[in-house]
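Please read them against the sequence and the coordinates.

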Amino acid sequence: PPRILTLEEPVLHMDHCIAFAVHGNPAPTLHWLHNGQVLRETEIIRMEFYQQGEVSEGCLLFNKPTHYNNGNYTIVATNQLGSANQTIKGHFLEKPFPAASGLFSFRMQYASKILCVDSKAFSFQVSIAVGLAAFACVLLVVLFIMINKYGRRSKFGMKG
């Protein structure tokens, strides 16, 4: 029956590789499970191995794995005389944004309380900002009119 000789944690070479070696006569068929589900080969995940006598050696290769590829990987070797399996944990990347963790949810609750409590202060600040913007617009219009009215006279009677 097949026997799994080695199963190593993922290592980065050109791609990430979970190296394995399986012994069996007749040569076992190999397939992989990811978290208990059958792992299908894709462009990102593929298995490469070679058979040398009764030993199959190879790698389960990952091309730029993400946090979705984290989990338990099980190799299953089967032939007419039996089967063998072994599991290893594969960890490639951390999740980029953890789910609403304590600090994040605390910040969200704090922000909502600030918005509720300071709504009057916020409306006051908005009214001040709108008033300043209106004053600036009126000032620009007055300056524009004065420049057009008094800026057209040539100085000292010279024509430009």
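1. Is R46 buried, exposed or partly exposed? R46 has a relative accessible area of 26% and is partly exposed; the classes are buried under 20% relative accessible area, exposed over 50% and partly exposed in between, with a 1.4 Å probe and protein chains only.

2. On provenance: this is a predicted model, in which local features need pLDDT of at least 70 and side-chain atom pairs count only at pLDDT 80 or more, while totals for chains, interfaces and linings use all residues. Residues are numbered from 1 along each chain as its sequence is written, and side-chain values use heavy atoms, with hydrogens and water left out.

3. Salt bridges number two, the criterion being a side-chain nitrogen of Lys or Arg within 4 Å of a carboxyl oxygen of Asp or Glu. One joins D15 to R46, with the closest N and O atoms 3.3 Å apart. That pair links distant parts of the chain, 31 residues apart: D15 sits in the loop between β2 (11-12) and β3, and R46 in strand β6. Strands here are DSSP runs of E of at least two residues, and helices are runs of H or I of at least four, numbered from the N terminus.

4. The other partner is E48, whose side chain meets that of R46 at 3.1 Å, N to O. D15 counts as buried at 16% relative accessibility, whereas E48 is partly exposed at 43%.

5. The largest nonpolar core holds 18 residues; a core is a set of buried Ala, Val, Leu, Ile, Met, Phe, Trp, Tyr and Cys residues joined through side-chain atoms within 4.5 Å. Residues with the most contacts inside this core include I18, F20, W32 and Y73. Among the elements giving two or more residues to the core are β3 (16-23), β4 (29-34), β6 (45-52) and β8 (71-79).

6. W32 touches, among others, L7, I18, F20, M47, L60, Y73 and I75, with residues up to four places away in sequence not counted. Contact means heavy atoms within 4.5 Å.

7. I4 lies in strand β1 and is buried, at 13% relative accessibility. The C-alpha atoms of I4 and G24, 20 residues apart along the chain, are separated by 8.6 Å.

8. An unreviewed UniProt entry places a "transmembrane region" at residues 122-147; such annotations may be inferred rather than shown by experiment, feature names are shortened, and positions follow the numbering used here. In the model, residues 122-147 are 100% helix and 0% strand, with the end C-alpha atoms 38 Å apart.
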